[in-house]
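I am keeping these notes as I look through one model, entry by entry.

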Amino acid sequence: MDINAPATAAELAHPLRSGIVDLGSNSVRLVVFEGSGRNPLAIFNEKAVLGLGRGLQNTGKLNEEAVPQALTVLERYGAVARGMGVRPLEVLATAAVRDAENGPAFAAAIAERMPGVPIRILDGEEEASLSADGVLLGFPEADGILGDLGGGSLELVELGQGRAGAIASLPLGAIRLADKADGDIGKARAIAEAELGRLPWLAHGKDRDLYLVGGAWRALAKIHIAQTAYPLSIVHHYVLRREEARDLCGLVMAATRRTLERLPGAPSKRLQDLPFAAVALRRLLRATGARRVVFSANGLREGWYARHLDPVVRGEDPLLAAGREMAARFGRDTALPAALSAWTAPIFVGETPASGALRQAACWLSDIGSHDHPDYRAEQSFLRVLRQPGIGLDHHERAFLALAVALRYEPELDASWLSTARTLLDSVSLRRAEVLGAALRLAYTLSGGTPTLLAGTALHLGDGRLTLRLVEGGGVFAGDSVQRRVEALAAILGLGASVEVAADRTPS
């Protein structure tokens, strides 16, 4: 069966699914994406850590023990993809396969196990370019240097104004660096410094951000998250200041294997590579002069996905796109969020564009608990928003949106599950989320979740008061629950409260 053949009518009835096999020096991974939205939605993600590139530096060949294991795994991935109706599917091979003497023979063996599936052996610049596309999908305004650390190579890209600039690929992957240095950290430092010194443009990263991609570097982030008891265990958009990153690298570089095994969050299959990943990061911090590091879960695989997107979709704001996509899956009426955005605008006069986008996103997300059990709508919505797969959301945005949406359902304010948001947000953001949550609660009480009823109401601020204006006979009346929620919103704003009923059809 040719997995990339045109889809049948029956297959077209199911959601579009596309897949990529990332064949790296350390791991082999299949990721299946569902749909073609702005934010990749991975519904299957399986990895096998095989170490195909281990020993390549000395032998010039792929790890002989790993090759048959890899072929078995790839045959499974082909079967999984067929069973899931994945189309297109593609295998992308990186440093180990492109540099090994037996790389072409290995690719031919893959073709026998996965008939009809394209296999591309990427050169260093192609790999770097795909990684850049993946990072820019999640960080459209990225400004600084991208480093993608694999087992065999380190891809480097200068990013600015949403575009990739200078590109390079260096033989500094964690496995290769360890092999070159014969396992000696001191030698590894010298090797990394010499290789990075060949790229003077890295100095353009001074006082900018360093975007980190790759499993070994993500492992460092997980260690730091565990060590510091950070309240959100999501690596994507996790940020460390320059000195924090240097200290973390120093700790890992100096640790014995036994010490690494005891570090919370340290992945057992990457322990021998972690010190060399730390060496590469510390030398890269020195070469770039970056002010902080920003971890990205996006890389080559998401870059491949991005290149299959409609250009219009790819150009959407990822924050608002995440809200729209979730509203389409979980909400009741996709016409309501725009009406809510306009309805809440009068109480957020003078907001910044970024704050306005967050408020709009909250309006899109505000009804995602409508199909949940009434007793758990607040908590379920909070966790769904906080942990959503939206790649354009940093941790502050996740916390703000989750809190605002949860408060729309009027939970107990001292509920323990709200603590994550309260820890991540400053006092100004907390108050803004509380105002927005109270406003959304009032809006849903008035409208029942329908834009038609909401259109017969309006909010007005003036003379130290918050006034709710209603249209007589519009299906909305100022009962006890409405009065109570108007007063609650006004109290948060520090204003008095009143309700006015007009006889005409325009409440404003």
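Which residues does Leu 489 touch, not counting residues up to four places away in sequence? I looked this up in what is a predicted model, and I found Ile 347, Val 435, Ala 438, Ala 439, Leu 442, Leu 459 and Leu 466 as the partners of Leu 489.

**Entry: the cores.** I then asked where Leu 489 belongs, and found that Leu 489, together with Ile 347 and Leu 401, touches the most other members of the largest nonpolar core, which has 60 residues. Among the elements that each supply at least two residues of this core are helix 15 (318–330), helix 17 (353–365), helix 19 (395–408), strand 13 (465–471) and helix 23 (480–493). Helix 21 gives the most, with 11 residues. I also noted a second, separate core of 52 residues, which includes Leu 248, Ala 255, Ala 278 and Leu 284. As a general reminder to myself, nonpolar side chains tend to be buried together in soluble globular proteins.

**Entry: the largest pocket.** I read off a volume of about 980 Å³ for the largest pocket, and of the 38 residues that line it, I listed Gly 138, His 237, Gly 392, Asp 394 and Glu 397 as the closest to its centre. Helix 6 (124–138), strand 9 (209–213) and strand 11 (292–295) are among the elements that each supply at least two residues of this lining, and so are helix 15, helix 17, helix 19 and helix 21. Sorting the lining by class, I recorded 18 nonpolar, 9 polar and 11 charged residues.

**Entry: the second largest pocket.** For the second largest pocket I noted a volume of about 710 Å³ and a lining of 29 residues, of which Asn 45, Arg 218, His 236, Ala 297 and Glu 302 lie nearest its centre. Helix 9 provides the largest share of this lining, 5 residues, and the classes come to 12 nonpolar, 8 polar and 9 charged.

**Entry: Arg 408.** I found a polar contact of 3.0 Å between the side chains of Arg 408 and Asp 367. Leaving aside neighbours within four places in sequence, I listed Arg 332, Ser 366, Asp 367, Gly 437, Leu 440, Arg 441 and Tyr 444 as the residues in contact with Arg 408.

Notes
Residues numbered from 1 in each chain as written. Predicted model: local features only at pLDDT ≥ 70, side-chain atom pairs only at ≥ 80, totals over all residues. Heavy atoms only, no water. Core = buried A, V, L, I, M, F, W, Y, C linked by side-chain atoms within 4.5 Å. Buried < 20%, exposed > 50% of the residue type's maximum accessible area, 1.4 Å probe, protein only. Helix = DSSP H or I, 4+ residues; strand = E, 2+ residues; numbered from the N terminus. Contact = heavy atoms within 4.5 Å. 1 Å grid on protein atoms, 1.4 Å probe; cavity = no way out; pocket = protein on both sides within 12 Å on 5 of 7 lines; lining within 4 Å. Points joined across faces, edges and corners; volume = space filled by probe spheres on them. Nonpolar A, V, L, I, M, F, W, Y, C, P; charged D, E, K, R; others polar. Polar contact = N/O pair within 3.5 Å; in protein donor to acceptor, adjacent residues only side chain to side chain.
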